[in-house]
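Thanks for coming, everyone. I have one protein to show you today.

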Amino acid sequence: FMKVTFLGTGTSHGVPMIACNCKVCTSENPKNKRMRTSVLVCDKGCNILIDATPELRLQCIKNNVTRLDAVLITHPHADHIFGLDDLRRFNMVQRMDIPIYGTFHTLDTIRKTFSYVFNNKPDPGGCKPRFSMNVIQGNLEIGDFSIVPIEAIHGDGQVTGYRFERFAYITDVSEIPAVSLEKLKDIDVLILGALRYTPHVKHFNIEQALRIVQQVKPRKTYFTHMCHDIEHEEDNRKLPAGVEFAFDGLVIEL
C-alpha cells in the first residue's frame, strides 16, 4: 500500500494563531490544531516529503519519520520551505545529500533564502544541510514512484501539484488550468487546498474547491491548508459525501 501522512494541515499562520482567542484557536480538539501544510508519501521503503514547513522537526518526531529519500516543493513561500534546514539531521543519519525537486523559480528562491548552504565555505561541524537541487523538467521517477507535476495558479504566482498514480496533491491554489485538470482525471484520492468559506485572492475557498471536486470526480477528497475559520467537527458535517477536512496526523492508505 502507498501510505500518505498529513504532517500538517494549516495555513501560513498555523492554528492556533498568535494572539487569537476564537473558538477554534482555543479548542481542545486536537483536530483543530494545525501545523503548516505538508504530507509524507511512503511506498516500498521510499519516503517522499512534499514541502518542508517551519515545524518540520516537530512533524518528523511526532510521526516517527526517520528517513527521507526526496523532497518535492510546491512553491517557495516561507511556510513551505523554511524547514529545509532540518534536513541536515537526515544528512547525518543517511550519510547522503537529500534531493530537492521544484521549478527553476522555486529552487532559485531556495538558493537565495538559504544562501549559507550554497556559499561553498567548509562546514566541518556539519551545521549546514546538504541538498541536491533538481529542476522539474517533466515527469519524475523516484524509487518506484512515477510522479506527474501539475501546474496551477496561486494568486499572481504559480504552484506545482503532484500526481502519484491514483493520488494527487495540490495546495495553495486559486485556479487550475484546463490542461492540468486533465492530468487529475481517474484518480482515487485528491488532496486539495481549501482555505475558508469566504473568498481569498490566492486560495480556493470551500465552494471553489468543491467545484473542482465535481469536475475531477475522485473517489475521495481531503481538504487541507485550512485557516482558523474551519472548526473540524462542525464543518466536516457540512461537506458532501466523499469529502472531508484532513487533520494533522491523519494517515490514509491507497
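Here is a question to start. Of the contacts in the protein with a separation of 6 or more, what share comes from residues 24 or more positions apart? It is 63%. Keep that in mind as we go. One caution: this is a predicted model.

Now the overall build. The protein has seven helices and 14 strands. Its radius of gyration is 18 Å, close to the 18 Å that the globule rule gives for 254 residues, so the protein is as compact as a globular protein of that length. Along the principal axes, the C-alpha atoms fill a box of roughly 55 × 40 × 35 Å.

Of the 254 residues, 56% are buried. The accessible surface comes to about 12000 Å². Carbon and sulfur atoms hold 50% of that surface.

On to charges. The protein carries 30 positive and 30 negative charges.

Let me walk you through some of them.

Start with Asp-97 and Arg-130. Their side chains meet in a salt bridge, at 2.8 Å from N to O. The two residues are 33 apart in the chain. Asp-97 sits in the loop between α3 and β5, and Arg-130 in the loop between α4 and β6. So this pair links distant parts of the chain.

Now look at Arg-166 and Asp-188. This salt bridge is 3.3 Å, N to O. Again, the pair links distant parts of the chain, 22 residues apart. Arg-166 is in the loop between β9 and β10. Asp-188 is in the loop between α5 and β11. Arg-166 has 41% relative accessibility and counts as partly exposed. Asp-188, at 23%, also counts as partly exposed.

One more pair: Lys-220 and Glu-244. Their side chains meet at 2.6 Å, N to O. Here we are in strands. Lys-220 lies in β12 and Glu-244 in β13, so the pair ties together parts that are 24 residues apart in sequence. Is Lys-220 buried or exposed? At 18% relative accessibility, Lys-220 counts as buried, because the cut-off is under 20%. Glu-244, at 29%, counts as partly exposed.

That's my tour. Questions are welcome.

Conventions: Residues numbered from 1 in each chain as written. Predicted model: local features only at pLDDT ≥ 70, side-chain atom pairs only at ≥ 80, totals over all residues. Heavy atoms only, no water. Helix = DSSP H or I, 4+ residues; strand = E, 2+ residues; numbered from the N terminus. Rg over C-alpha atoms; globule rule 2.2 N^0.38 Å. Buried < 20%, exposed > 50% of the residue type's maximum accessible area, 1.4 Å probe, protein only. Contact = heavy atoms within 4.5 Å. Areas by Shrake-Rupley, 256 points an atom, 1.4 Å probe, with all protein chains shown as cover. Lys, Arg positive; Asp, Glu negative; His and termini not counted. Charge placed at Lys NZ, Arg CZ, Asp CG, Glu CD. Salt bridge = Lys/Arg side-chain N within 4 Å of Asp/Glu carboxyl O.
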